[in-house]
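Colleague: Please take a close look at one part of this structure for me, namely how charged side chains pair up. Start with the whole, then zoom in.

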Amino acid sequence: MTTAVIVVVALLIGAGVGYANYVLAKKRREAFAAFAAQQGFSYLPENNALAGHWAGTPFQTGDHWRVRNVLSGAYQGHQVVAFDYSYQTHSSNGKGGRRTTTHKFGVVVMQLPGPLPRLEVTHEGIFGGAVANALGFGDLRFESEQFNRAFRVIADDPRFGHSVIHPQMMELLLARGEIGWRIEGNSLIGWDAGPHSPVEVMNRLQLLQSVVDNVPPYVWRDYAGVDPRRH
């Protein structure tokens, strides 16, 4: 096979992959637009400005931030937004070239009745509690060892963290804590790697709502100065 033929074949393959990605993206936009109409949400194909609204994972890292398939509206009395998020990172291949990796996430955000201290709950992952603590990534520890093995909890205010992650909250997360989530000001942010589906969006909003419902009333009064019964 000559060099010219190899180049032509490579171009055809690239064009085919590009077209397939275009078709998939179009079908995804259509699916989310239909879902938004069904649920009474607004839909935007793209709103990259949202990428700068929050500071923690998975935001504010890498470059080429993209926010697509944006759903927004009211859910159980809370303003919410859900979207596909991606960013890129770059590394050297050791031969003068550069490799680009695109990281994709499904994100859901629920507005809270008032601002609360920062609190993040994620899966322990490959580190495990003991190794993470040894490396200086200490998290809060709780009376449930099963919960400690499954989750990492990081809080700016440890007292606040222990007030929110009480036994009932631990039971909820052990039963269906499938995504990471974080309280950041008056936002409750949930995320997971990979694109989400409309069904997953609803499931994740339900989880965030359950988290909000399980925050004790005194926490809202003491830290946010609000009465949750009025919201």
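## From the surface to the salt bridges

Modeller: The protein exposes about 12500 Å², and carbon and sulfur atoms supply 55% of that area. Keep in mind that this is a predicted model. The chain has 231 residues, and 39% of them count as buried.

Now the fold. The protein has seven helices and six strands. Read from the N terminus, the order is α-β-β-β-β-α-α-β-α-α-β-α-α. How far apart in sequence are the residues that meet? Take the contacts between residues at least 6 apart in sequence: 64% of them join residues at least 24 apart.

Next, your charged pairs. The structure holds eight salt bridges. Begin with Arg118 and Glu184. They form a salt bridge, and their closest N and O atoms are 3.7 Å apart. Arg118 sits in strand S4 (residues 98-123), while Glu184 sits in strand S6 (residues 180-193). The two residues are 66 apart, so this pair links distant parts of the chain.

Are these two residues buried or exposed? Arg118 has 30% relative accessibility, so Arg118 counts as partly exposed. Glu184 has 15% relative accessibility, so Glu184 counts as buried. The cut-off for buried is under 20%.

A second pair joins the two strands. The side chains of Glu120 and Arg182 meet in a salt bridge, at 3.1 Å from N to O. Why does this pair tie together separate parts of the sequence? Glu120 lies in strand S4 and Arg182 lies in strand S6, so parts 62 residues apart are tied together. Now check the burial again. Glu120 has 15% relative accessibility and therefore counts as buried. Arg182 has a relative accessible area of 0%, so Arg182 is buried as well.

Arg118, Glu120, Arg182 and Glu184 are linked in a network of salt bridges.

Here is another pair to set beside the network. Arg176 forms a salt bridge with Glu178, with the closest N and O atoms 2.9 Å apart. Arg176 has a relative accessible area of 26%, so Arg176 is partly exposed. Glu178 is partly exposed too, at 36% relative accessibility.

The largest nonpolar core has 43 residues. Which of them touch the most other members? They are Leu119, Ile165, Leu173, Trp181, Leu188 and Leu205. Helix H6 (residues 198-213) gives this core its largest share, seven residues. Look at Leu205. Leaving out residues up to four places away in sequence, Leu205 touches Phe41, Tyr75, Val80, Val108 and Met110. Another core, of 15 residues, lies apart from the largest one. Its members include Ala51, Trp54, Val109 and Ile189.

One last stop is a loop. Leu140 lies between helix H2 (128-134) and helix H3 (145-150). Is Leu140 buried or exposed? Leu140 has a relative accessible area of 13%, so Leu140 is buried. What does Leu140 touch, beyond its neighbours within four places in sequence? Its contacts are Asn148, Val153, Ala155, Pro158, Gly161 and His162. Gly161 is 21 residues away along the chain, and the C-alpha atoms of Leu140 and Gly161 are separated by 7.7 Å.

To return to your question: strands S4 and S6 are where to look. Find Arg118 with Glu184, then Glu120 with Arg182, and trace the network that links these four residues.

Key:
Residues numbered from 1 in each chain as written. Predicted model: local features only at pLDDT ≥ 70, side-chain atom pairs only at ≥ 80, totals over all residues. Heavy atoms only, no water. Helix = DSSP H or I, 4+ residues; strand = E, 2+ residues; numbered from the N terminus. Buried < 20%, exposed > 50% of the residue type's maximum accessible area, 1.4 Å probe, protein only. Contact = heavy atoms within 4.5 Å. Areas by Shrake-Rupley, 256 points an atom, 1.4 Å probe, with all protein chains shown as cover. Core = buried A, V, L, I, M, F, W, Y, C linked by side-chain atoms within 4.5 Å.
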